[in-house]
Amino acid sequence: MSEDKKQMLCSPFCDPGMLEDLEKCRVMEIFPDVFFIEGYAGTAGFFSRPPSGNIFIMRDGDTVLVEDSGHHPFYRDKMLAVLKKFKDEGAKELILTMSHGHWDHGKNNDVIFEAGYEKARFLLAEPEFHTLNIAEHLIGDQKKLFKYYDPCKSQNYYEGLKQQLEYFKMFPAYKEPKFQKTWKMIEALTPESSTEEVFAAWCANMKNVMASDLSSYIIDKAEPLKLKDREKRTIGGQEVLGWPVGRFFLIHEASQSPGHISVYDPKYKLMITGDATLEINP
């Protein structure tokens with residue numbers, strides 16, 4: 001595979017075969033000035049074929065709202081084509097928000113600065129600042145589990161790390177110096193290794209390999225949607241709390257994560273739910 005093709009995937013360790021599936025993803029105008037770019041759900045291996053959330057781009061007069069930016073750089077050109085169309089039609093302000101901070105929803109966040117709008121902003125629900133710090137968020141979740149059981153044993157982290165290492169060896173990036181310390185930690189593990197040693201290797205893999213560069217998530221550019229500033233609205237007979245952005249209302253429903261939002265468009269009575277209907281951690 002060419003280097004250009006490799007750069008369309010979120011990680012140098014992605015199965016290159018998934019590009020064939022990504023290229024089937026459609027861009028659809030589901031309502032006037034409301035575009036839906038299909039995400040991706042991998043059929044096997046969360047890390048070898050990482051999923052990507054759906055992307056929505058919606059225009060309200062001079063303002064364009066982007067809900068989630070996807071995980072693979074593959075989506076950038078598709079997003080930029082829609083954003084250019086709206087800019088050429090007179091839109092001036094571009095606003096990015098995220099349904100939540102899980103990593104499959106925001107690796108292209110910095111595309112808002114590439115689109116060339118007069119003003120670009122990133123609005124993030126207050127509780128999601130922690131979630132968007134992906135490695136620390138996932139490691140923190142695992143640490144909480146130790147209060148109830150040993151996740152390293154119950155989820156067999158030892159076997160998982162060893163299998164991942166063998167998979168990583170198939171890629172040229174395996175030899176890059178920045179990964180060598182992590183590989184050595186995993187190689188040193190044996191079936192007799194302590195939980196502390198296994199968990200340390202798991203944390204290193206998460207920080208140094210799986211989430212080694214968080215710059216494109218632009219968390220440092222995000223403006224907090226503060227909980228104390230939420231407004232109350234009644235939608236479909238249901239009272240909800242959230243934040244208005246132009247005609248859109250960002251409903252704070254805290255479903256899959258503490259700051260999870262759904263976007264409501266009253267013009268078309270359209271609700272965009274992010275992962276609110278996806279049961280991951282029941």
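**Reading the model**

Mentor: Leu-241 has its place in strand S9 (residues 238-245); helices (H or I, at least four residues) and strands (E, at least two) are DSSP runs, numbered from the N terminus. The model is predicted, and local features need pLDDT of at least 70, side-chain atom pairs count only at pLDDT 80 or more, while totals for chains, interfaces and linings use all residues. Residues are numbered from 1 along each chain as its sequence is written, and side-chain values use heavy atoms, with hydrogens and water left out.

Trainee: Is Leu-241 buried, partly exposed or exposed?

Mentor: Buried means under 20% relative accessible area, exposed over 50%, and partly exposed in between (1.4 Å probe, protein chains only). Leu-241 counts as partly exposed because its relative accessibility is 32%.

Trainee: Which residues does Leu-241 touch?

Mentor: Contact means heavy atoms within 4.5 Å. Not counting residues up to four places away in sequence, Leu-241 touches Arg-230, Glu-231, Lys-232, Phe-249, Leu-250, Ile-251 and His-252.

Trainee: How are aromatic pairs described, and how many does a search of the whole structure find?

Mentor: A pair of aromatic rings is described by the distance of the centres and the angle of the planes. Rings of Phe, Tyr and Trp (its six-membered ring) pair if their centres lie within 6.5 Å; planes under 30 degrees apart count as stacked, over 60 as edge-to-face and the rest as tilted. The search finds 16 aromatic pairs. One of them, Phe-31 with Tyr-268, is stacked, at 4.8 Å centre to centre and 15° between the planes. Phe-31 lies in strand S1 (residues 27-31) and Tyr-268 in the loop between S11 and S12, so this pair ties together parts that are 237 residues apart in sequence. The rings of Phe-36 and Phe-56 are also stacked, because their centres are 5.0 Å apart and their planes stand at 15°. Both Phe-36 and Phe-56 are buried.

Trainee: Which residues of helix H8 are buried?

Mentor: An α-helix has 3.6 residues a turn, so residues three or four places apart point the same way. In helix H8 (residues 180-187), the buried residues are Thr-182, Trp-183 and Ile-186. Seen down the axis of H8, they fall within an arc of 100°, so they line one face of the helix; the arc is that of the directions from the helix axis to the C-beta atoms. The face turned away from the buried side of H8 carries the exposed residues Lys-181 and Lys-184. Helix H7 (157-168) and helix H9 (195-210) are included in what covers the buried residues of H8.

Trainee: Where does His-71 lie?

Mentor: His-71 lies in the loop between strand S4 (63-67) and helix H3 (76-88), and His-71 is buried, with a relative accessible area of 7%.
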